[in-house]
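This report looks at one strand and its partners, then at a pocket, and then at the aromatic rings.

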Amino acid sequence: MSVYHYAYGLILLFFIPVSGMGQSYEFARPIPVDLSPQNAGEWTKTPDQTLQWTLKVQSPGAYSLNLGFDRFFLPPSAKLYLYSKDRNTRIGPLSSQDNESHLEWWSPLIPGDELTIELRIAAKELPQLQFHLNRINHDFANFYGGQITDCMIDTRCSEEDGWAIVDQYRDQIRSVVLITIEGIRACTAFLVNNTAQDCRPFLITAYHCRINTRSAPSIVAYWNFQNSTCRPPNTPVNIGPGDGVFGPVNSGAAFRASWQLSDVVLIELDDEPADDNAYFAGWNRSAQVPRDTVASIHHPNSLEKRISFSFRSTYAGNWETYDLPRPTGNHLIVPYWSVGSTAPASSGAPLFDKNGLVTGQLHGGAASCDTKDFDSYGWLYNSWYGGNDSATALRYWLDPLSLGLLTLSGKNFDNCTFSLQVFPGRIGLCPGDTAIFNLYPQNFNLPPTFTLEQETLPPGMQYWFEETIPGNTGSQRLFITLNSAIPAA
C-alpha cells in the first residue's frame, strides 16, 4: 500500500552559535509552523482498519531537527512515532501516558534535515485528538558533531586509564544530564535530592539558560550521553565528538523556583527519571567555601559528558566583579582548573566539593583549555534563601520537611521504592460479603493526590477505594466484594 507524504520544506540562513560568559549555547533556530491532521499530511487505513496519519517534515541543510507541539493530547488508542530519513533513529511509540496537563510535547533531536511523523488512532477517538505542530527547530551548529579543545576528560576515564580520581565521582556522574530548552538552546543540569528523600525529579541548572513557567514544558533531558571509552586528554583524538549515544529521554518539566543573583533555576520533570540508574545528588548549603578539591561534571558544546578538577580552594565573589574576592558574594569562584575546563553548554553544571556534595552551578567565566583562568558558580548558600519565597528560594523545595540540614547525602533512584502495610493482612470472604482493608503507605512521601489500582483481582470480585482514612495522612481504605453468584469454596 503506497502512502503519499506531504512535504514541508524550508530554506534557512546559517548562524553562528551564541556562546561566552553567562550566555546560553544556541544550536538551532525556530521555524514557526501551523501543521495538524486538519491541514497537512495524508490519512490512510492500515490492514487492521486503524487510521494512520503521515507527515514528512524537511528543513534543507539542518544537521538535526526537533519539534514542538503546543497542543498534544493522545486518546487511549493513539500511537505516535517519529522517524529519521534513514529510519536509523526512531522515537516512540508515544501514547496517552505521555499527555501532560500543559498540553505540550517537545521531541528529542533527530539527525538529518528530514523526518517523518506517523500517528495511528482508532477512528472513533478522532474527536478527542489534539495534535498541533507549531515549531520546527533547525540545527545549524551541528549538535552531534561539535568540537572542543583537547584538555577535557571523559567521564568514562577510570583508574585503569590513570584517572583514579574520576572513580570517586561515579555516583555524581549519574546525576548529570544534557538538556535542551525550546529546542534551540543547550545547557547542563543535574538531578538533586531533597530532605523528604521522596525522589521528586528536581533538576537544577543555570538561570541564564532562560527557563521559566512558559519554557519549562519544552525541556528535554538526555541521560547517559557519554563516550564508551576513555580518550586520552591532550591528544588529537579527544578534540572531536566521541561515540556517545543518547540514552533514555525525559520530555517536559515544570518551573519551581529561580534566583537571578546566583543564576539558579529549579525545575521538576513531568515524569520520574527515564534512566533507572539515575542518582539524586546530595548538597552542601553551608557558608563554608569548598577547600582543596572541587569537581564539575558537564556537557561542553553539548558533547559527551566530561569532568574537570581544581585542586585550589574556591572563594566567594560576585558575578559582576568576575574573579575578585567578595566575602559576601553570591558566587563561588574556581581560580582555575588544574585538569580539564568548561565550554559553552557546560552552563548549569554542578560544582561538587571533595565529599561529592553540590555547592553551586556554573554561571560562566574565562576558563578554557588554553588559559588558566576562572569559572564562576552560583552559590547554593545564596540560592537556598533567594528572595525568601517559594518562587525564588531552593529551601522550600529541597527542604520540604524544614529539617534545617546544612548537608544532605545523595540517593540512588533504584532506592526510590515504597510499600503498603495492609491491616488486616488476610480476610475470609463468603458470597455477598465485603472485606475492608486499611492501607498505609510506608517509606515514601506521596504527593497530595495519588491513585491506587488493583490489577490481579480474580473474576467475580469487585473493588473500590475510599478517601483518606481520617487521622492517617496518605492512608486509604480498600473495599473488596465477592459477587453473591459465585459459589463459596
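## A covered strand

A residue is called buried when its relative accessible area is under 20%. The model described here is predicted. In strand β12, which spans residues 130-139, eight of the ten residues are buried, so the strand is mostly covered by the cut-off of under 20%.

Strand β12 has pairing partners. Strand β3 (residues 28-35) runs antiparallel to β12 and is joined to β12 by six bridges. Within this pairing, Pro30 has Asn137 of β12 as its bridge partner. Strand β6 (residues 64-73) is also antiparallel to β12, with eight bridges between the two. Here Gly68 stands opposite Arg135 of β12.

## The second largest pocket

The second largest pocket holds about 300 Å³ of space. Two elements give two or more residues to its lining: β8 (90-94) and β18 (249-251). Strand β8 supplies the largest share, four residues.

The lining includes Ile91, Gly92, Pro93 and Leu94, as well as Val249, Asn250 and Ser251. Trp105, Pro108 and Asp271 are also among the lining residues. By type, the lining divides into six nonpolar, three polar and three charged residues.

## Aromatic pairs

A pair of aromatic rings is described by the distance of the centres and the angle of the planes. The model has 20 aromatic pairs. One of them is formed by Phe72 and Phe131, with 6.1 Å from centre to centre and 45 degrees between the planes, which is a tilted arrangement. This pair links distant parts of the chain, since Phe72 lies in strand β6 and Phe131 in strand β12, 59 residues apart.

Are Phe72 and Phe131 buried or exposed? Phe72 counts as buried because its relative accessibility is 0%. Phe131 also counts as buried, at 5% relative accessibility.

Phe143 and Tyr144 form another pair, with ring centres 6.0 Å apart. Their planes meet at 75 degrees, so the pair is edge-to-face. Phe143 is buried, at 1% relative accessibility, whereas Tyr144 is partly exposed, with a relative accessible area of 28%.

## A ring cluster and a charge over a ring

Which residues do ring pairs link into a cluster? The cluster consists of Phe27, Phe143, Tyr144, Tyr222, Phe225 and Phe246.

Arg87 lies over the face of Tyr83, at 3.9 Å from the ring centre.

Methods
Residues numbered from 1 in each chain as written. Predicted model: local features only at pLDDT ≥ 70, side-chain atom pairs only at ≥ 80, totals over all residues. Heavy atoms only, no water. Buried < 20%, exposed > 50% of the residue type's maximum accessible area, 1.4 Å probe, protein only. Pairing = 2+ DSSP bridges. 1 Å grid on protein atoms, 1.4 Å probe; cavity = no way out; pocket = protein on both sides within 12 Å on 5 of 7 lines; lining within 4 Å. Points joined across faces, edges and corners; volume = space filled by probe spheres on them. Nonpolar A, V, L, I, M, F, W, Y, C, P; charged D, E, K, R; others polar. Phe/Tyr/Trp six-rings, centres within 6.5 Å; stacked < 30°, edge-to-face > 60°. Lys NZ or Arg CZ within 6 Å of the ring centre and 35° of its normal.
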